[in-house]
Amino acid sequence: MKTKQITLTLILALFLGSITNVHAQKNGKSGSVSQVNGSDINSEADKQLQDKLIQKLANSDFSIVQNTLPKNSFGVSVGYGATNDFDRQVICGGIDYQRRIAISESGRTGYYGGVDLSYENIDFNNLSSNNYYGGGKLQVNTAIVPSGEAQLTAGLMGQYGFGNTDNGTYSDSFTGIRGCVYAGLDIHKSEKWSLGFVLPLFVHESFTYKPDFGADVKVDESSLFIGKSPARVSIRHKF
């Protein structure tokens, strides 16, 4: 509906401009000084009205893009990943909250801060691991179409994690931190809902494992793309 209003506004502005030109040409042929002066006044009034309509068009476009960069949003995501010829499989899910903390002058880029909670189940050979994570993130959303309904996303996330690994005989617990650089795409389906896709680009983990028997083991690992964390799809509610 808003797009149709913008289109009608632009057509009206162009129509008024064409009327102004025709009116000026007719007055130029009359040779009357009074008619010319009247034409100048009318032309100036029409030009001011045309400028106002064009400005309204620009403001409406800005408003539409802003509506796709909501002040607050809540998301639910799920993901799946497999490596080593499906020897290692990861199923994950999570929830997150984001709040806009700044917006660019053009209104096409929003800057967000938020919190994220997630769960991962990892099966690797005969091992099963249940992991829990929580932390904060910073994200940038940039509109890539005039309406703002499609946006590129990029962000940084830091989390604290804990969990356990069980092979049926013994169990190891772990605690630690991980950081992630990610990118994705956000598609706005309505004023209240959007669909998203997130791809981890770089992940670094630093965990300390505490086995039932023996000394603690500290492990630092890094991976590119979906080596450690799978890609996710999400649905977001904007408010």
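## Strands and an aromatic cluster in a predicted model

Of the contacts in the chain with a separation of 6 or more, 59% join residues 24 or more positions apart. Please keep in mind as you look around that this is a predicted model.

Let us start with the chain as a whole. It contains two helices and nine strands. Read from the N terminus, the order of elements is α-α-β-β-β-β-β-β-β-β-β. The chain has 239 residues, and 35% of them are buried. Its accessible surface is about 13,900 Å², with 63% belonging to carbon and sulfur atoms.

Strand β4 covers residues 127-143, and β5 covers residues 150-166. These two pair in the antiparallel sense. Within this pairing, Lys-137 has Met-157 in β5 as its bridge partner. Strand β5 also pairs with β6, residues 171-188, again in the antiparallel sense. Here Phe-162 is found opposite Thr-175 in β6.

| Hairpin | Bridges | Residues between the strands | Glycine with positive phi |
|---|---|---|---|
| β4 and β5 | 16 bridges | six residues | Gly-148, near 80 degrees |
| β5 and β6 | 17 bridges | four residues | Gly-168, near 95 degrees |

Next come the aromatic side chains. How many aromatic pairs does the count come to? There are five aromatic pairs. One of them is formed by Tyr-133 and Phe-207, whose ring centres lie 6.4 Å apart with the planes at 40 degrees. Why is this pair called tilted? Planes under 30 degrees apart would count as stacked and those over 60 as edge-to-face, so the 40 degrees between Tyr-133 and Phe-207 make the pair tilted.

This pair also links distant parts of the chain. Tyr-133 belongs to strand β4, while Phe-207 belongs to strand β7, residues 193-210, and the two are 74 residues apart. Are these two residues buried or exposed? Both Tyr-133 and Phe-207 are buried.

Together with Phe-174, Phe-207 and Tyr-209, Tyr-133 forms one aromatic cluster. There is a charged neighbour as well: Arg-178 sits over the face of Tyr-133, at 3.6 Å from the ring centre.

How values were computed. Residues numbered from 1 in each chain as written. Predicted model: local features only at pLDDT ≥ 70, side-chain atom pairs only at ≥ 80, totals over all residues. Heavy atoms only, no water. Buried < 20%, exposed > 50% of the residue type's maximum accessible area, 1.4 Å probe, protein only. Contact = heavy atoms within 4.5 Å. Areas by Shrake-Rupley, 256 points an atom, 1.4 Å probe, with all protein chains shown as cover. Phe/Tyr/Trp six-rings, centres within 6.5 Å; stacked < 30°, edge-to-face > 60°. Lys NZ or Arg CZ within 6 Å of the ring centre and 35° of its normal. Pairing = 2+ DSSP bridges.
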